[in-house]
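Dear colleague,

I am passing on the structure we spoke about, and I would be glad if you could look it over with the notes below beside you.

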Amino acid sequence: MYLNKLAAILLFLTLCSIGNSCFAHGVDGDTQAFLSGNEGVAFGPFLYIGAKHMITGYDHLLFLVGVIFFLYRPKEVLLYVSFFTIGHSSTLLLGVMANISINAFLIDAIIALSIVYKGFDNLGGFKRFFEAQPNTRAAVLIFGLFHGFGLASKLQEFKFDKEGLFTNLIGFNIGVEIGQFIALAFVLIIISLWRRYPSFMKFSTLTNTMLMAAGFMLLGYQLTGYFIS
């Protein structure tokens, strides 16, 4: 019982800490200065920046929490995270290398909707209200594409030196995966402890409702930014 309560509290605090950082999410001053002034290959620094960005990337992490919430086997977790990784890695590289410009507020609004979608899906909303179940793997891949464009839009705010750009982006991408792995490992430990107790299903409803609420909050924030910018 004690571990059950502890797991619930830790996951709740994790979600709250992610949500509370949402308005601070972005690139700090030192990182901005480095990205704006960098010339040539800087694989290591870009790897570090990618990892740090993902660990503080509340929107990406909230979506992934929803994705892995009801995955019990490591093979399933790896499969779904791989779909997400393929999606966001592809559009991150494509967006920056091909200079595909998408309004940051709009792409972040779509990312917010992905969080709402996953919380709704985990609550059985599609089966209950529409008597249908979307292909979850395809959905993770498609939303991964949008998440990648979201990362690309952040990077496109800086005027990169073209020399070594591809190598630097590979470093950033690997850093994103490292940050993603660290964050998900922490969440998986909490969820795995929680699943051992009968109250998991009860608290899963609360957690996924919180995911939806966070998604709607972020959606409103991004749309407000779009209309007033």
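The notes that follow go from the whole chain to single residues.

Please keep in mind throughout that this is a predicted model. The mean pLDDT of the protein chain is 83, and 83% of its residues reach 70 or more. Confidence is lowest in helix H1 (residues 2–20), where the mean is 49, and highest in H6, where the mean is 94. Over residues 17–25 the pLDDT stays under 50, and for this stretch the model has 15 contacts beyond four places in sequence. Where pLDDT is low, the predicted coordinates should not be read in detail.

As to the fold, the protein chain holds 10 helices and zero strands, and along the sequence its pattern reads α-α-α-α-α-α-α-α-α-α. Of the 229 residues in the protein chain, 48% are buried. Among contacts between residues at least 6 apart in sequence, 85% join residues at least 24 apart.

For helix H3 (residues 43–55), 13 residues at 1.5 Å a residue should span 18 Å, and the end C-alpha atoms are 19 Å apart, which agrees. The buried residues of H3 are Phe-46, Ile-49, Gly-50, Ala-51, His-53 and Met-54. For H6, 19 residues at the same 1.5 Å a residue should span 27 Å, and its end C-alpha atoms are 27 Å apart, again in agreement.

H6 can be followed from one end to the other. At its start, a side-chain oxygen of Asn-103 reaches to within 2.9 Å of the backbone nitrogen of Phe-105. Phe-105, itself in helix H6, counts as partly exposed, because its relative accessibility is 27%. The C-alpha atoms of Phe-105 and Gly-225 are separated by 6.4 Å, although the two residues are 120 residues apart along the chain. Leaving aside residues up to four places away in sequence, Phe-105 touches Gln-222, Gly-225, Tyr-226 and Ser-229.

Asp-121 also belongs to helix H6, which covers residues 104–122. With a relative accessible area of 9%, Asp-121 falls under the 20% limit and is therefore buried. The side chain of Asp-121 is joined to that of Gln-133 by a polar contact of 2.9 Å. Apart from residues up to four places away in sequence, Asp-121 touches Phe-126, Gln-133 and Thr-136. After the helix comes Gly-124, whose phi is positive, near 75 degrees.

Turning to the aromatic residues, a search of the whole structure finds 14 aromatic pairs. In one of them, the ring centres of Phe-120 and Phe-126 are 4.9 Å apart and the planes stand at 80 degrees, so the pair is edge-to-face. Phe-126 is buried, with a relative accessible area of 16%. The rings of Trp-194 and Phe-200 likewise form an edge-to-face pair, because their centres are 5.7 Å apart and their planes are at 90 degrees, and both Trp-194 and Phe-200 are buried. One aromatic cluster is made up of Phe-63, Phe-84, Tyr-117, Phe-120, Phe-126, Phe-129, Phe-130 and Phe-143. Elsewhere, Arg-195 lies over the face of Tyr-72, at 4.3 Å from the ring centre.

Most residues other than glycine have a negative phi, and most peptide bonds are trans. Asn-99, although not a glycine, has a positive phi of about 55 degrees, and it lies in the loop between helix H5 (74–97) and H6. Glu-131, which is also a residue other than glycine, has a positive phi near 55 degrees and is found in the loop between helix H7 (125–130) and helix H8 (136–155).

Are these two residues, Asn-99 and Glu-131, buried or exposed? Asn-99 has a relative accessible area of 56%, so it counts as exposed, and Glu-131 is exposed too, with a relative accessibility of 74%.

With kind regards

Notes. Residues numbered from 1 in each chain as written. Heavy atoms only, no water. Helix = DSSP H or I, 4+ residues; strand = E, 2+ residues; numbered from the N terminus. Buried < 20%, exposed > 50% of the residue type's maximum accessible area, 1.4 Å probe, protein only. Polar contact = N/O pair within 3.5 Å; in protein donor to acceptor, adjacent residues only side chain to side chain. Contact = heavy atoms within 4.5 Å. pLDDT = per-residue confidence, 0-100. Expected span 1.5 Å × (residues − 1). Phe/Tyr/Trp six-rings, centres within 6.5 Å; stacked < 30°, edge-to-face > 60°. Lys NZ or Arg CZ within 6 Å of the ring centre and 35° of its normal.
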